[in-house]
Amino acid sequence: MDMLTTEYELFKMKGDESIKDMHTRFTYIINEIHSLREIILRNKLVRKILSILLGSWESKVNAITEAKDLQKLTIDELIGNLKTYEMKKKNDHERRESKKEKNLVLKEDNNDSSGNDADMAYLTRRF
């Protein structure tokens, strides 16, 4: 039990980890603790999850904390909310990356007959 309690207390979300993967690891620890007849209150689990999220989630954590009653919020509701936000963040990032790829830089080389250095013009075109 001491080992599981320590795992629970030291639990953190990994930098490259999805909400789903973090939740899977967290649930495993909680289920093991529960199998030893120890109960952790739902609101403590919700607060624990909110506290272990990465710094990039701070604005979402603040929004949830302010908008939701953490005494009534279930873990499933919290995880669903976080997964939805994660998908939005991913889609926004992909859309921004897609726009960056559509920017095209063209290089035009105009050689002067006098043998001077070539004049170069850079044209940027957005699609």
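Predicted model: local features only at pLDDT ≥ 70, side-chain atom pairs only at ≥ 80, totals over all residues.
**Ground rules.** I number residues from 1 along each chain as its sequence is written.

**Overall make-up.** I looked up the secondary structure and found five helices and two strands, where helices are DSSP runs of H or I with at least four residues and strands are runs of E with at least two. Read from the N terminus, the order is α-α-α-α-α-β-β.

**Burial.** I noted that 24% of the 127 residues count as buried, meaning under 20% relative accessible area with a 1.4 Å probe, protein chains only.

**The H2 and H3 pair.** I then turned to helix H2 (residues 19-35) and helix H3 (residues 42-52), which pack at an angle of about 140° with their axes 12 Å apart; the axes are lines fitted to C-alpha atoms over the stretch in contact, and angles run from 0 to 180 degrees between N-to-C directions. H2 and H3 are therefore oblique to each other, since angles under 35 degrees count as roughly parallel, over 145 as roughly antiparallel, 65 to 115 as roughly perpendicular and the rest as oblique.

**Who meets whom.** I listed Met22, Phe26 and Ile30 in H2 as meeting Leu45, Lys48, Ile49 and Ile52 in H3, with contact meaning heavy atoms within 4.5 Å. These residues divide into six nonpolar, no polar and one charged, and Lys counts as charged, whereas Met, Phe, Ile and Leu count as nonpolar.

Key. Heavy atoms only, no water. Buried < 20%, exposed > 50% of the residue type's maximum accessible area, 1.4 Å probe, protein only.
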